[in-house]
Amino acid sequence: MPASNHHPLSAMNRPFVRTSAAALVAAAVLGACASASAPTSDTAAAAAAGAASAPFGNGPVATEGPLDRLPYTPSLDTAAMDRTADPCEDLYQYACGGWMAANPIPPDQARWSVYAKMANENQRYLWGVLDKLSAADPARSANQARMGDYFAACMDEPAADQQGLAPLRPLLSRIEALKDRRELPALLAALHLATNNERVLFRFTSGQDMKDSTKVIAFAYAGGLSLPDREYYFKDDEKSRQLRDQFVAHVARSFELLGDAPAAAQAQARRVMALETALAQASLGRVDKRDPYKSFHPMKAAGLQALTPGFDWTAYQRALGLDPAKSFNVTEPAFFKAMAKELARRDPAELRDYLRWQLLSSQAPTLAAPVVQANFEFFGQTLQGVPQNKARWKRCVELVDAQLGEALGQEFVARNFSPDLKDKTLTMTRQIEEAMAARINSLSWMSETTKKRAQEKLHAIVNKVGYPDRWRDYSSLTVARDDFAGNVMRGNAFELKRQLAKIGKPLDRGEWGMTPQTVNAYYDAQMNDINFPAGVLQPPLFDPRMDDAPNYGNTGGTIGHELIHGFDDEGRQFDAKGNLRDWWTKKDGKAFEQRAACVSKQYAQYVVVDDIRINSKLTLGEDLADLGGLVLAHAAWKAQIADMKQAPADADGLTPEQRFFVGFAQWDCSHARPEYARVHALTDPHSPGRYRINGVAVNMPEFEQAFRCKPGQKMVKPDAERCRVW
């Protein structure tokens, strides 16, 4: 997502994984490939939420063209159902079986879903917008010209082929000139500005102080890895060992593309792997990163410098164009200590090889076809099982979205988002908040003291709907119609400088972390706000033509999901002001943990792929939000229809209650390639789609009653075994 400089837990969302602007750019240029060191979000690639539940065959190679308008699909699609299935045995198959049969995974995707299909349609629509803007029309506004020229440069594949490695030559020359470690801070600053990602040793940006959310301070994040997770460097099963060998072979091939001899390339690749393994050894795992206290290590400049005695942070910051910061949060001190040791003990030639690799790999998809293909063959085909790279227009649309996203958002909103739609969303949100307030008051396990604080936090939540009140200013970003790779690097530098400029400045609470056209939503724990972009408030997710039941099951469930993130196992550790503070009594905290453990135990039994089960410690926050969110959505829907003069009628052979649950289930109709499912199991905090649906419904007696399920059926739990937190 284009602009997240917050701690990872600040961005908790329903369908996808939110990433930094840099990760989004990486996702866009990599096409179907995995992001450098984290799974990408579906705003840029495919939605990250599920193992396959249908054949893994490729869909047809469709000839796609730009769209003049967004297509319509109802929020409850009876054609997507499999009425031969028994919902009391498998709600997911009943609601989504027809969709999975009719929607095989396209050859350029790792996973396909309702969200991914909708995002693809959005991209085709934006393609139409950008294609028109790419004509050199003097009537274009300044932002329209930037977007159109950026898109035109990106689409010019022959020019990229002709350029070859030329766009990287200045930086490659600086790397080759590195002889003294004292030159490293300035060189890293140049590489970070060009790539704006965490691949080159670490990431340095801004973020809210976890103890005082009104302050913006400097953040130093661990990085330096190319594979999706630290576990890829250490798992000892056959598939993992084979993947490491394939990775080393890919790195060696990349060095050959830089002009190195095969034997030298092999040796250099092994050294890159050794350095990355050492960095991975010192890195936190994903479950540990879910604990905000393990990533909160405030310190002054002297403390940061003491961690890395051989690396001059003042020189690094000055090379970024900054006055040195006074306050820092170092997310992983042990990592930076280990990094300093590796920098001190390794020969400068090894560091040069590592930096050359990370630069080429980060920017590979902006270069000539052989580099693009080599990059895709590992990160797309090998890692995720994707047969073919995305069409160039898709990658170019994603890049414009990543680097000029709010300018593109203005075009999207003007055509697709009305005040009436915003009002309807806010009404539903208020109803769900009222349901949450009632739930808090009714909890038998929570004391009055904690209830009061929970209500304070609930009432402090800010709801952002559609698009930001103030649009981002891109006037300082230079775009050239004949310089694709240069545009990407200037876009990276623009975004990193924009983030760094926030250090020491008043917090902008109006800023969004997603573009308006994004098919997603998120809750930010430090802002204590919920964000619903215009892109997610379109059919089939929110359907003004449809009756209330499926809309509350779908979009209502999303709203409830995001709200619950403020009270899940991570979000509950932040108070109403977004500060990391324990506002729970010890007894109430333990009572919460006991109830959350029921959900964790349930999801730990589910198989993702092969013999790999869900890591429910990683997915707990999302699982809690899925369950609690639908409970709130159901209560809000019942309140909505209670005042109706005429009760809702049956439709399509379904009662209103059944329509609520089918509408809910159809938001995540999906399937995935087995290679992707393995990556997902290690890296994604969301459970697979089937379990995000069945795992929720099995805990709701309202579902059992709606379909008249009987004891002994798979979707029926005894009351004593049902999990319920909120």
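Helix H18, which covers residues 419-442, has 24 residues and reaches 35 Å from its first C-alpha to its last, close to the 34 Å expected at 1.5 Å a residue, where the expected span is 1.5 Å times one less than the number of residues; helices (H or I, at least four residues) and strands (E, at least two) are DSSP runs numbered from the N terminus. The model is predicted, so that local features need pLDDT of at least 70 and side-chain atom pairs count only at pLDDT 80 or more, while totals for chains, interfaces and linings use all residues. Residues are numbered from 1 along each chain as its sequence is written, and side-chain values use heavy atoms, with hydrogens and water left out.

Among the buried residues of H18 are Leu 421, Met 428 and Ile 440, buried meaning under 20% relative accessible area, exposed over 50% and partly exposed in between (1.4 Å probe, protein chains only).

Three strands form an open sheet of mixed pairing in the order E6-E8-E7, two strands being paired if DSSP finds at least two bridges between them. The edge strands, E6 and E7, each pair on one side only.

The whole structure holds four disulfides, each a pair of cysteine sulfur atoms within 2.5 Å. One of them joins Cys 88 to Cys 709, with an S to S distance of 2.0 Å. Because Cys 88 lies in the loop between helices H1 and H2 and Cys 709 in the segment after helix H27, this pair ties together parts that are 621 residues apart in sequence. Cys 88 is buried at 3% relative accessibility, and Cys 709 is buried at 8%.
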